[in-house]
Amino acid sequence: MSRERPKRGALPPAQENIQKLEKVVEEGNFYGAQQMYKSISARYVAAQRFSEAVDILQSGACNQLNHGQVTCGAELAALFVETLFKGRFPYDDETLVRVRKIYKAFPRIPVPQQLGDLDDMQQLSETLGAAKTCVEGCSSFLKAALKWSKEFGAPRSGAPEIHVMLANYIYFESPEVDMVRVSHHFVRGNNPKEFASTLVNFMGKCYPGEDDVAIARAILMYLSVGNLRDANILMDEIKKQVESKQLDFPKSDLIQFINFLLQTLLRDALPLFNMLRAKYKSSLDREPSFHELLDEIAEKFYGVRRRNPLQGMGMFGEIFKMMGGE
């Protein structure tokens, strides 16, 4: 009996291509490898061999990133997530491990904290540009992964593990730290102790008066989504870490308000809640978003409906409604 010949064009096991492509990258032919990663993975997708396609794209993204090819690596990372969608991969530990491996492969570029750290302005400009490229590439990849997770089994706001990854990368790798974005992702994450460590780190390098605002914002953002437990864990952990590092915990009217608020929300005490808002209004005015967050907290904890911005506009408000403005 004659041996059956393999079909022409049949795809080999993915590992064969992975090993072959690794050699191309090792030889420094990054562009050639990139085109091969894209074309070969596309064949596995067309054959509906999605698991092998993501194996190839994960390997390619990590290889390119490990060789400093951020643009190439980010492109393959994006195709990796696109293939998760096509293959309808569920949000589970196995796929999260894949996402985390790519995330960890994105370079960490030390950004000088002061201009004096680098004498050469051109070198400084190149360093900042490289850091920005890394942050944009990694952020884009993780945001796409969040969208995938929402669709395939994660909580409504996306995988908490991915939110923590994104918060960490934005904080530690961005040339300019945006604590609002960092806090947004940590609050949707699942690690308030790590969030506390990041805030304590920020306290050590921020301008005077920024530390208490950052802490208050973090607590209020947790409370605005109804998460009193993690708000308390965060505050306790910050105090613990500050004490262990022998740092000064900020003492201000704003922090005093936060401490009173955490106690107030443990009971049905709307009048006390409103009294605190009125008493500490001048402190809350330091950050415009605080009042909006407190409106959301009042709705979450006391069922107070947020005021419609059209109220008080009279005839103009009614006209706006008729025009579909609501």
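Contact here means heavy atoms within 4.5 Å, and helices (H or I, at least four residues) are DSSP runs, numbered from the N terminus. This is a predicted model, in which local features need pLDDT of at least 70, side-chain atom pairs count only at pLDDT 80 or more, and totals for chains, interfaces and linings use all residues. Residues are numbered from 1 along each chain as its sequence is written, and side-chain values use heavy atoms, with hydrogens and water left out.

**Exercise 1.** Find how α3 and α5 are oriented and which residues join them.

*Solution.* Begin with the axes, which are lines fitted to C-alpha atoms over the stretch in contact, with angles running from 0 to 180 degrees between N-to-C directions. For α3 and helix α5 (residues 93-105), the angle is about 15 degrees and the axes lie 8 Å apart. Angles under 35 degrees count as roughly parallel, over 145 as roughly antiparallel, 65 to 115 as roughly perpendicular and the rest as oblique, and α3 and α5 are therefore roughly parallel.

**Exercise 2.** Work out how α3 and α4 are oriented.

*Solution.* Helix α3 (residues 50-66) packs against helix α4 (residues 70-86) at about 160 degrees, with the axes 8 Å apart. That angle makes α3 roughly antiparallel to α4. Among the residues of α3 that meet α4 are Phe-50, Ala-53 and Leu-57.

**Exercise 3.** Identify the residues that Phe-141 contacts.

*Solution.* Setting aside neighbours within four places in sequence, Phe-141 is in contact with Ala-77, Phe-80, Val-81, Val-99, Ile-102, Tyr-103 and Phe-106. Ala-77 and Phe-80 are also among the α4 residues that meet α3.

Technical notes: Helices (H or I, at least four residues) and strands (E, at least two) are DSSP runs, numbered from the N terminus.
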